[in-house]
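This report goes through one structure by topic. The sequence and the structure come first, and the notes follow.

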Amino acid sequence: MTEPYELDVRPLLRNGGEPFGAIMGAVGNLAPGQRLRLLATFRPEPLFKVMEAKGFSYSAKPIEGGDWEVLFSPEDVGGTSPAALARDNDPDNWPDPTHYLDCTDMDPPEPMVQILAQLERMPEGEVLFALLGREPVFLYPELQARGHSWVGDFDADGTAFRLMVRAGGASS
Amino acid sequence: MQMATISRWTLAFFGCALVALMLALVLLAFGYGYPNTSVGAPETLIVVHLIAIGWLSLLMLGALLQFLPVLVGRELALPRLAPMTLAAIVSGLLLLLSGFGGLAGWPGQLSDLLPWGGALIVAGFFLGAIILLTTLLRSQSLPLPAGFVAVALMSALIAVMLGDTLASVLAGVIGGDFAVALVTHGLPLHAAFGLGGWLSLAAMGVSYRLVSMFIVAPERKGVLPRTAFIGVLVALALLCAALGVLVAQNAPWPIGLGLAALAAVAAVVAYLGDIVALYRGRRRPKLELHMSAAIGAFAMLGLGVVTLIWSVAAANQLGVVAAVYLLALGWLSGLGLAMLYKIVAFLTWLECFAPLMGRAPTPRVQDLVREGRALPGFVIYFLATVLGAAAIVFEGGELLQMAAALQLGAVVLLVYQFYRARQLVDLPDPWRAHPRPRVLMPANRQRSFS
C-alpha cells in the first residue's frame, strides 16, 4: 500500500484560517487506495461525516500538545460497509454517464421500461443519464428494489426532468 | 425519498363508486325520484347522493390517493387512514340514504338516522382530507394542479358540513327561522360547494396533469391556467361569503351568487381553452380511447355551463335541473369513466409487470384493453346523457327513464371491460398465463410499498 499522504492544517488553524478547502483538495489528489493522515489542533468531528460520505473510514488519536492525528482510509470499491454504500449513493463520486436516453417523447410507462432495460445491460457502477418529460415517480420504487441509486431534478425552465442512475449490483 | 407507489385502497374506492353509480342509474331507469317526485323530494335525494357521494366523491378520493403523490412528487402521507375514510363514507351514506327513505315513508323511524349519516360522512371526508392535505403540506412546491386539489378539499369539507346541517334540519333536530332559511336558500350553496367547488375543481386539477401526461403535451403555464385558478378562488370566496350572509341574516345574497357564477364561468372558459391547447400541442398524433372519450366529457362541461347560463337567464327551472344532470353525469361521470378506462389498466400493468421491466418482454398498457369493445360504451353513454338532459327540459319522463337505462347499459359494458383488464383476459398470448391480480386490492408486493 502506498504511504499515506500527510496534511498538517495546524499552522493554518492557528492563524485563524479555514482548512476545509485544503483538506478537500488533498482528498481529490489522493491516488486510488491511498490514505490521508491529517494533523489538526482538535478532533475534527464534522469532517468525519463528510469523509464517510466520500467513502473513507477514519481512526483518530490524540498526540502531544493536545493536537489530533486522524488517518482516513478509503473503503474497497464495491464493498458493503456503510461508508462504501454512502459513497456509492453520493452522485459526486459517480463516474461520468456512459449511456444516454431521451425519453421526452415516450408516453408512460415506456420511459420506465427503456431505463430499466438499459440498466439491466450495464455493469455495476456505470451511470445512465436520461431525459424525461416529467418526474418518473413510479420508477423509483423499482430502482430501489433493484439496488440502483439515482438523483434527478428539473432543468431551469421546468420542462424536462434530468435523471442520473448509477447501476447497482444487488438487484432483486 | 420521493416516490409513488400503488395505493392499496384506490381500487376498493373505485369498486364501491361504480356500484353506487349503477345503483343510481337503476333507480333512475325505474323512474324512482325525479320527475315522478319533485326535485327536492327524498326519493330524488337518494339518487342524487348515490351519485354525488357514492359514485363521484369515492371515485375522486380514490383517484387522489393514487395521483396526488404523482402531482406533488411526494409519498402519500398517513396511508392507513384510507380504509377508514372509505368505511366511514360508505356507512354514512347508507345511513343517510335510509334517513331519506324514512322521509319517503319507509317503515320505522329511519329519518332519525339523517344527522348520524351526515356526521359519519363528514368524519370520512375529514379523514380523507387529512391524508391528502398532509401530503400536500409535505411537498416542497405546490404546482397549479395541486393548488386546485387543495382548494377542492376545503370546498368538500364545507359541502359535507353544510349537508349535515341540512340533514339535521330535515330530521327535525334544528328548527326555527334558521332552518327555514337554510332549506330555502342553502340547497343551491350545498350543491355549488359539492358539485362545483369539490368535484369540478378536483377534476380540473387532476385533469391538467393527467391530460398532459397521457397525450404527451407540455404542461400548461401562463395566463390561462392562472385565470382559471384565480376564477375558481374568487367564485369560492364569494360562495363562502354568501354562506356567511345566510348564517348571519337568514337571507340569501343574490349579487354575491351572481358574481360567483361569473367568476366560475370565466374559470371554466379559461380551463377549456387550456384543454384545447393541450390537445393541440400533443406530441402523440393518435389519441387512445380514454383521451378521445374525455373530449366527450369536456364537451359536456361546456354544454352544461351554457345550459345553466341560459336557464338562469330565462328563469327556467327545468333547464337548471338539466344543466346539473349534464354536469354530474356528463362532465364529471364521463371524465371519471374515461380516466378509469386507462387508470385501471395502468395500475394493473404496474402491479403485474413492473418487476419484469427490462428483464423480460412486457406487454404495452394498451394490450390490457380492447378499445373496439369499449368504444360503443362511451358513445352510448354520452349520447344517452344528452338525451336525458333533453328529456328533462321537455318533461319527457319516460324518455328520461330510457336514457338512464341506456346509460346503465353503457356503464355495465364499461365496468365489464375494466374487470377484463384487471383479470388480464385480453392480453396477447405470451402473457395470458401471467398470474392474475386480486380484483379490488393490489397484491402485497412489499418492494413497491417500501
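Is Arg284(B) buried, partly exposed or exposed? Arg284(B) is partly exposed, because its relative accessible area is 21%, and the cut-off for buried is under 20%. The model is predicted.

## Salt bridges between the chains

Arg284(B) pairs with Asp107(A) in a salt bridge, at 3.0 Å from N to O. The pair crosses between chains: Asp107(A) is in the loop between strand 5 and helix 5 of chain A, and Arg284(B) is in the loop between helix 8 and helix 9 of chain B. Asp107(A) counts as buried, with a relative accessible area of 15%.

Another salt bridge joins Asp105(A) to Arg283(B), with the closest N and O atoms 2.6 Å apart. This pair also crosses between chains, from the loop between strand 5 and helix 5 of chain A to the loop between helix 8 and helix 9 (289-313) of chain B. Asp105(A) is exposed, at a relative accessible area of 51%, and Arg283(B) is partly exposed, at 44%. The count between chain B and chain A is three salt bridges.

## The interface as a whole

Chain B contributes 33 residues to the contact and chain A contributes 27. About 2,500 Å² is buried between the two chains, and 58% of that area is on carbon and sulfur atoms. The size of an interface is often given as the accessible area lost when the parts come together.

Eight residue pairs are in polar contact across the interface of chain B and chain A, with both residues at pLDDT 80 or more. On the side of chain B that touches chain A, helix 2 (42-72), helix 6 (176-214), helix 10 (317-353) and helix 13 (446-449) each supply at least two residues. Helix 10 of chain B gives the most to that side, with three residues. By residue class, the side of chain B that touches chain A has 15 nonpolar, 10 polar and eight charged residues.

## Nonpolar cores

The largest nonpolar core has 181 residues, and the members that touch the most others are Ile115(A), Trp55(B), Trp198(B), Trp331(B), Leu337(B) and Phe378(B). Helix 10 of chain B provides the largest share of this core, 24 residues. Leaving aside neighbours within four places in sequence, Leu337(B) is in contact with Leu18(B), Leu21(B), Trp55(B), Phe378(B), Tyr381(B), Val411(B), Leu414(B) and Phe418(B). A second, separate core has 17 residues, among them Val9(A), Ala26(A), Leu36(A) and Phe56(A).

## Helix 5 of chain A

Helix 5 of chain A, residues 110-120, is mostly covered, with eight of its 11 residues buried. The buried residues are Pro111(A), Met112(A), Val113(A), Ile115(A), Leu116(A), Ala117(A), Gln118(A) and Leu119(A). Within chain A they pack against strand 5 (99-102), strand 6 (127-132), helix 6 (139-145) and strand 8 (161-166), and from chain B against helix 10.

## Individual residues

Thr159(A) is in the loop between strand 7 (149-154) and strand 8 of chain A. Thr159(A) counts as partly exposed because its relative accessibility is 45%. Apart from neighbours within four places in sequence, Thr159(A) is in contact with Leu132(A), Gly133(A) and Lys221(B).

In chain B, His49(B) belongs to helix 2 and is buried, at a relative accessible area of 13%. Not counting residues up to four places away in sequence, His49(B) touches Gly54(B), Leu93(B), Leu96(B), Leu97(B), Phe100(B) and His190(B). Leu272(B) lies in helix 8 (residues 254-280) of chain B. With neighbours within four places set aside, Leu272(B) is in contact with Phe298(B), Leu301(B) and Gly302(B).

## Other salt bridges

Over all chains the count comes to 22 salt bridges. One of chain B's pairs is Asp367(B) with Arg364(B), whose closest N and O atoms are 3.1 Å apart. Asp367(B) is buried, at 17% relative accessibility, whereas Arg364(B) is partly exposed, at 48%. In chain A, a network of salt bridges links Glu6(A), Arg37(A), Lys61(A) and Glu69(A).

Methods. Residues are numbered from 1 along each chain as its sequence is written. Chains are lettered from A and ligands numbered from 1 in the order in which they are written. This is a predicted model: local features need pLDDT of at least 70, side-chain atom pairs count only at pLDDT 80 or more; totals for chains, interfaces and linings use all residues. Side-chain values use heavy atoms; hydrogens and water are left out. Contact means heavy atoms within 4.5 Å. Buried area is the accessible area (1.4 Å probe) that two parts lose on being put together, summed over both. A salt bridge is a side-chain nitrogen of Lys or Arg within 4 Å of a carboxyl oxygen of Asp or Glu. A polar contact is a pair of N or O atoms within 3.5 Å; within protein, one must be able to donate a hydrogen and the other to accept it, and residues adjacent in sequence count only if both atoms are side-chain atoms. Helices (H or I, at least four residues) and strands (E, at least two) are DSSP runs, numbered from the N terminus. Ala, Val, Leu, Ile, Met, Phe, Trp, Tyr, Cys and Pro count as nonpolar, Asp, Glu, Lys and Arg as charged, and the others, Gly among them, as polar. A nonpolar core is a set of buried Ala, Val, Leu, Ile, Met, Phe, Trp, Tyr and Cys residues joined through side-chain atoms within 4.5 Å. Buried means under 20% relative accessible area, exposed over 50%, partly exposed in between (1.4 Å probe, protein chains only).
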